Amino acid sequence: MRRYSLRGIVLGYLLIILAGPLLMMLWRTAQDLGGAWAAISAHDTLRAFELTLIVTAIAVPLNTAFGVACALVVVRSNIRGKGLINAFVDLPLALSPVVVGLSLVLLYGAGGWLGFLGDHGVQVLFAWPAIILATVFVSLPFVAREVVPTLREVGDEQEQAARTLGASGWQTFWRVTLPTIRWAVIYGVILTTARCFGEFGAVAIVSGNIEGKTQTATLRVDDAYQFAYGHYAGAYGISLVLAVMSIVVLFTMMLARPKEGTL
Amino acid sequence: MIVGLPIAALTWSARGDGLPAFWQTVSSAEAVSAIKLSLAMAALAAFTNAVLGTVTAWVLVRDDFAGKSAINAILDLPFALPTIVVGLVLLALYGIQTPLHVEAGSVHFTANVAFTRWAIYLALLFVTLPFVTRTVQPVLHELDREMEEAAASLGAGDLAVFRRIVFPNILPGILSGLTMAFARAVGEVGSVVLITGNLPFKTELASVFVLQRANSDPHGAAAVSVVLLAISFTVLLVIGALRRFATRHGNA
């Protein structure tokens, strides 16, 4: 009896918070497919999705390389300040994206420490460099956080064995370390991707939100809703495309997960 | 370089006009009210999800029913869904066009919560949904059933078994999930920016306060940001302490 009531509570809660609203958005979009399609296929929307994909394609490889390197330093090396690196890598997880955005504005804006870049014709703020910097910042921790526990768990015996057999540092990394941690890396990459294309707060502050130029997909949704004047189908439609993207990410995650145990 | 420098610039800029100016902005009635509201709503949402997230973890590990793996999968959706989409998703059901609307005689009920604090609560519940479940689930999975069976055979009731044996074991997991959820909720922007209406003293959150002023009044925004930054550091310290505690007591 208790078991059924607990199950009921969980299912009911998920229905109210998660499933109900999602189904309702589907229904609303379906009611005005024409309006939704017009918004999705508008030139500026397509440009916004293009920008989001480009930014994601740049930020994900950067953070993957950085995340793996960072995990190796934190787990395998014994340099000073390791704890500090660890704390800094975790910071973006606990920090509001608006704080990230504002920090970039203060650093690269007029009067900021790197504000002189703007005087020399290098436009950072309200252009793609700032969007990329903000996205890299907020999605920084995911790969490192997935790889660190795996590296700890497998230990370094195999790597030592490789080294005694004469493998160089690079060879050991490519032939021994990377194959061992690959599922953790893949899982981290998937999480990073989801975070990159979904970023809103930081990008909203630094991008300038210029339609067709510095407007990302999430900013486009915000605009479509704010200027909907009662016709929300457009905003719902664009949201739906983003939702489908995240559901694809989720499925990939599910496929990656069972293999985690086998390493 | 990517993380440290911007944060340093932020802190520097916040004190750029001198400490009194910083203090004046932070202690202005509107900023105080926004920070207080952020902390209160985040605590409320994190606590709710600590309780219901633990129940969810329990059901997912110990119960068995058709569609369980589907539930397990969609539970990660709040991690994957862009936050601005979360806002719209919630507006579809709990916004002005809500179908959950009853007007019969003296009964007035509407699920339209847009521009109220209920909307903030809902949005924060959505985005922090998986945290506690995901930290408790593995611990519950590893937990030795024999301990519980032994206690039950010695005459302990279900509730006593949970309180005395299961709960102490999963507590570190609950607490670290709760702390992460709290941090996430305090900083949340995308899901609340559309649904709250950002009414000063009523539904204005610290994060939206910063968002609105970032480009018009960067120093004011920086002052409130430094408070948010301090909260983030505190959360990280708490999580670090919890992790050390859990490792020392053998159930990391």
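A residue is called buried here if 20 or more other C-beta atoms lie within 10 Å of its own, exposed if 12 or fewer do, and partly exposed in between, with C-beta atoms placed from the backbone. A:Ile186 is a handy example: this residue is buried, since 20 other C-beta atoms are found within 10 Å. A:Ile186 sits in helix H10 (residues 169–198) of chain A, where helices (H or I, at least four residues) and strands (E, at least two) are DSSP runs numbered from the N terminus. Its C-alpha atom is separated by 9.5 Å from that of A:Val147, which is 39 residues apart from A:Ile186 along the chain.

The structure is a predicted model, in which local features need pLDDT of at least 70, side-chain atom pairs count only at pLDDT 80 or more, and totals for chains, interfaces and linings use all residues. Residues are numbered from 1 along each chain as its sequence is written, while chains are lettered from A and ligands numbered from 1 in the order in which they are written. For the complex, the predictor gives an ipTM of 0.86 and a pTM of 0.89. The mean pLDDT (the predictor's confidence in each residue, from 0 to 100) of chain B is 85, and 94% of its residues score at least 70.

Turning to the overall architecture, chain A holds 13 helices and zero strands. Its C-alpha atoms fill a box of roughly 70 × 70 × 30 Å along the principal axes, and 47% of its 263 residues count as buried. Chain B has 13 helices and two strands; its C-alpha trace spans about 65 × 60 × 30 Å along the principal axes, and of its 252 residues 47% are buried. Two residues are taken to be in contact if their C-beta atoms, placed from the backbone, lie within 7 Å. Among chain A contacts between residues at least 6 apart in sequence, 76% join residues at least 24 apart. For chain B, 76% of the contacts between residues at least 6 apart likewise join residues at least 24 apart.

Strand E1 (residues 101–104) and strand E2 (residues 107–110) of chain B run antiparallel and are joined by four bridges; two strands pair if DSSP finds at least two bridges between them. B:His101 has B:Thr110 in E2(B) as its bridge partner. Together E1(B) and E2(B) make a hairpin with two residues between them, and B:Gly105 in the turn has a positive phi of about 60°.

Positive phi values also turn up away from glycine. Most residues other than glycine have a negative phi, and most peptide bonds are trans. B:Phe115, although not a glycine, has a positive phi of about 70°. This residue lies in the loop between E2 and helix H7 (117–127) of chain B and counts as partly exposed because it has 17 C-beta neighbours inside 10 Å. In chain A, A:Asn209 is not a glycine either, yet has a positive phi of about 55°. A:Asn209 is found in the loop between H11 and helix H12 (217–226) of chain A, and is partly exposed, with 18 other C-beta atoms within 10 Å.

The contact between the chains takes 61 residues from chain A and 58 residues from chain B. On the chain B side, these residues divide into 45 nonpolar, 10 polar and three charged. In this count Ala, Val, Leu, Ile, Met, Phe, Trp, Tyr, Cys and Pro are nonpolar, Asp, Glu, Lys and Arg are charged, and the others, Gly among them, are polar.

A nonpolar core is a set of buried Ala, Val, Leu, Ile, Met, Phe, Trp, Tyr and Cys residues joined through C-beta atoms within 7 Å. The largest such core has 159 residues, and those with the most contacts inside it are A:Leu102, A:Ala134, B:Leu88 and B:Ala123. H3(B) gives the most to this core, with 13 residues. Beyond its neighbours within four places in sequence, B:Leu88 is in contact with residues including A:Met25, A:Tyr225 and B:Leu194.

Nine of the 11 residues of helix H7 (residues 128–138) of chain A are buried, among them A:Ala134 and A:Phe137. The cover over these buried residues includes H5 and H10 of chain A. Helix H12 (residues 206–213) of chain B has seven of its eight residues buried, so it is largely enclosed by the rest of the structure. B:Phe209 and B:Arg213 are among the buried residues, and what covers them as a group includes helix H5 (97–108) of chain A and helix H13 (218–248) of chain B.
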